[in-house]
Amino acid sequence: MNNQELLDLGKQCLSIASSATLKDDEIEMWVEAAIKDLERQAIKIDLENPLVKGAIIMYLKANFGMVDIKEKELAQKTYNSLCANLSLSFDFKEVDKNA
């Protein structure tokens, strides 16, 4: 999955028409922030894995624009839960090569 596909998925999940470009920069910013946050937690970034994609989208939904606060809170809780579960799985934990 490349950046354009992530942008398209993010727009779809936010119910934004794929032809609309006004919010592309904000969406891309939050997607990049989600990836950096996952890396910070030492979670492998496998953009083909639906759990990782789901975490990125939940981060986006928790932080994007001015939408219903309840939806943002639910998205943040879901993101936190996904991160906790991913970080406990050997398949998703980034191994420290210096250890």
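**Cysteines, salt bridges and a charged patch**

A search of the whole structure, a predicted model, finds 0 disulfides. A disulfide is a covalent bond between the sulfur atoms of two cysteines. The sulfur of C13 has its closest cysteine sulfur in C83, at 16 Å, which is too far for a bond. The cut-off for a disulfide is a sulfur pair within 2.5 Å. Seen from the other end, C83 is likewise in no disulfide, and its nearest cysteine sulfur is that of C13, 16 Å away. The two residues were also assigned by accessibility. C13 has a relative accessible area of 30%, so it counts as partly exposed. C83 has a relative accessibility of 3% and therefore counts as buried.

Charge pairing was examined next. Side chains of opposite charge can pair when their charged atoms come close. The structure holds 4 salt bridges. One of them joins the side chains of K11 and D24, with an N to O distance of 3.0 Å. This pair links distant parts of the chain: K11 belongs to helix α1 and D24 to helix α2 (residues 24–40), 13 residues apart. K11 and D24 are both buried.

A salt bridge also forms between D37 and R40, whose closest N and O atoms are 2.8 Å apart. Both residues sit in helix α2, and their separation of 3 residues is about one turn of the helix. Their accessibilities fall in separate classes. D37 is at 16% relative accessibility and so counts as buried, the limit being under 20%. R40 has a relative accessible area of 61%, so it is exposed, the limit being over 50%.

The side chains of E26 and K23 meet in a further salt bridge, at 3.7 Å from N to O. The cut-off for such a contact is 4 Å. E26 has a relative accessible area of 22% and is therefore partly exposed. K23 is partly exposed as well, because its relative accessible area is 37%.

E5, D8, D46 and E48 form a negative surface patch. Membership requires over 30% relative accessible area and no salt bridge. E5 is at 39% relative accessibility, so it counts as partly exposed. This residue lies in helix α1, which spans residues 3–13.

How values were computed: Residues numbered from 1 in each chain as written. Predicted model: local features only at pLDDT ≥ 70, side-chain atom pairs only at ≥ 80, totals over all residues. Heavy atoms only, no water. Patch = residues over 30% accessible without salt bridge, like charges linked within 9 Å, V, L, I, M, F, W, Y side chains within 5 Å. Areas by Shrake-Rupley, 256 points an atom, 1.4 Å probe, with all protein chains shown as cover. Lys, Arg positive; Asp, Glu negative; His and termini not counted. Charge placed at Lys NZ, Arg CZ, Asp CG, Glu CD. Helix = DSSP H or I, 4+ residues; strand = E, 2+ residues; numbered from the N terminus. Buried < 20%, exposed > 50% of the residue type's maximum accessible area, 1.4 Å probe, protein only.
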